[in-house]
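Below is a short note for a colleague who is opening this model and wants to know where to look. Please keep the sequence and the structure in view while reading.

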Amino acid sequence: MEVKHSFGDATSKKTRVETGPSPVLFFWNLPVNTTEADVTQLCANFGNPVTALRLKGKNQAFVQMCSMEAATQLLDYFKNQGSKPVIRGEPVDVQYSSRTHISKKPDSEYPGGLNSGVPNMMVMPGAYPVHYGQSPAQPQSGAAQGLANMPDLPGRILHINITNPTHPVSPDILYYVFSQYGGTILRIVCFEKNNVQQALIEFSDANAALVAKSVLQDHSVFTDGCVLRIDHSKLSTVNVRAGDPNSRDYSAGLGLSLMGSPALSGAPLALSQASSLFSAAQPQARAPAEGAGKCILVSNLSIEKVTPLALFKLFGTCGDVMRVKILFNKRDNALIQFRNEAQASQAVQLMQNVPLFGAKLRIAISRLATVALPPPGSAELFEGLTQDYENSPLHRFKNPGSRNEQNIAMPSESLHVANILETAEEQSLVQLFSAFGLVVAFKFLPNTRKMASVRYSTTESAVSALIALHGASEAAEGFAGDSKGLMISFSKAGTGM
């Protein structure tokens, strides 16, 4: 039987044969750390994925699309492009499945496939359109022309609609705004279409575009307007016309000097006074946006293990965390908003390179003044990736100069544990903490059994224990003195036990 849609390696030892079109797609040769969300985000470019199932122990997955037409559109697109879909920077294979739907416990479609140990399938209503690292080439006569008849497929180029346009927005202003999040901006074209200010921004790599889109979506360039509505463009490059003031080519590596820039000097309030997103490029000459500096950007997170609550507990040891947002389109990055700038700065100093879930954290101050809450009905809200902790009872530093503030310590292998139930036995407590690593020392503080010191063999074990047991934790039930739970912090005394 002829296989119309299959992008597997012709040299593969096994030949996969399809029985015909189906709304269910079968993916294989996936990167080992691929999640169901990664696969559904790719598929969401062509229609709404209904369900997805990642095969445990196999580099395979099934996705049921909303219709057979949507599944065919995906396969036709990549067939016409002569390329494979890309997930997490690696090409993958896809074809029709012989199944017409995904059930929670389907029989194995391929040897070694599904089994009863596979987690339940995930429903992804309105999954956000994203796929990593793919920038399909398609010749276009001009930057704006290609937007009208091409689907939004993510890649290196962002398409910006600017709503509530209270001021002109030039390429240089957009360069300044979008270059805050790493990566290299190559070209920017501004234009107007259907009475809407629009722009195309070409990055050097897809990851930088993803981060910028995730952070800046629905933010304003100025305090009184110019709201950014951001999508991915399918264009392979942005065409810049010589002498056009609405297009700029930054690929020569000269960057942008905002101070004295002709493009900025004529803009109302020129970002020096009005930007609701960023301080200026040179702080000594320009005032920062009000509240800027309270947020940090944390990267190199474990996508499989990190949660907003875990970050709240860990970073709550050096400041009061107000909000946590794991970026929807780049989930190894998160934004954390503190009560004030000093706490955010302290977090950068204390938490840099701290081991968390097998990786070392990378942290930088963000130019954002606040972490935005997701809009109602969004997939981000559905997945709980953004959490507001402003009214949490676990804040430690509400009172300036308090004892907690004076005893902030860098993460280490030693923990200070308070609010222990007085009748709790030492052996039971050691057993509790040993679930997270080798406990090399444990002792109650002098004259009290309500507090103790715990020392692990590694800092990462101490970090894991704090995240799991601090506060009203189910794991520590029966060991805490009251409903607040165990109060755990890193020990300032270090190894002096």
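This is a predicted model: local features need pLDDT of at least 70, side-chain atom pairs count only at pLDDT 80 or more; totals for chains, interfaces and linings use all residues.

1. The six-stranded sheet. An open sheet is formed by 6 strands in the order β11-β12-β8-β10-β9-β13, and the pairing is antiparallel. Its edge strands are β11 (220-222) and β13, each of which pairs on one side only. On average, neighbouring strands of this sheet are turned by 25° against each other, direction ignored.

2. Strand β9 and its surroundings. Strand β10 (residues 196-203) runs antiparallel to β9 and is joined to it by 8 bridges. One of the paired positions is E192, whose bridge partner in β10 is Q197. The hairpin of β9 and β10 has 2 residues between the strands, and N194 takes a positive phi near 55° there.

3. The other neighbour of β9. Strand β13 (residues 247-249) also pairs with β9 in the antiparallel sense, over 3 bridges. In this pairing V189 stands opposite S247 of β13.

4. Strands β8 and β12. These two strands, residues 157-163 and residues 225-232 respectively, run antiparallel and are joined by 6 bridges. I162 stands opposite L228 in β12.

5. Helix α4 (residues 206-216) lies across β8, β10 and β12, and runs at about 140° to β12.

6. The four-stranded sheet. A further open sheet has 4 strands in the order β22-β23-β21-β24, with antiparallel pairing. Its edges are β22 (439-444) and β24 (487-490); each has a single partner strand, so one side of each is left without a neighbour in the sheet. Neighbouring strands here are turned by 20° against each other on average, direction ignored.

7. Strand β23 (residues 452-456) pairs with β22 in the antiparallel sense over 5 bridges. The bridge partner of A441 in β23 is R455. Helix α10 (residues 426-434) packs on this sheet, touching β21 (414-418), β22, β23 and β24, and its direction makes about 140° with that of β22.

8. The largest nonpolar core. Which residues touch the most other members of this core? Of its 58 residues, they are I296, L311, F315 and F433. Helix α11 gives the most to the core, with 6 residues. Leaving aside neighbours within four places in sequence, the contacts of F433 include V417, V439, V454, Y456 and L469.

9. L469. This residue is found in helix α11 (residues 459-469). Is L469 buried or exposed? Its relative accessible area is 0%, so L469 is buried, the cut-off being under 20%. Not counting residues up to four places away in sequence, L469 touches L432, F433, F436, A475, A476, L486 and I488. L469 and L432 are 37 residues apart in sequence, while their C-alpha atoms are 9.2 Å apart in space.

10. The second core. A separate core of 33 residues includes I162, I173, F222 and Y250. I162 is also the residue that stands opposite L228 in β12.

Terms used. Residues are numbered from 1 along each chain as its sequence is written. Side-chain values use heavy atoms; hydrogens and water are left out. Two strands pair if DSSP finds at least two bridges between them. Axes are lines fitted to C-alpha atoms, for helices over the stretch in contact, and angles run from 0 to 180 degrees between N-to-C directions. Contact means heavy atoms within 4.5 Å. Buried means under 20% relative accessible area, exposed over 50%, partly exposed in between (1.4 Å probe, protein chains only). A nonpolar core is a set of buried Ala, Val, Leu, Ile, Met, Phe, Trp, Tyr and Cys residues joined through side-chain atoms within 4.5 Å.
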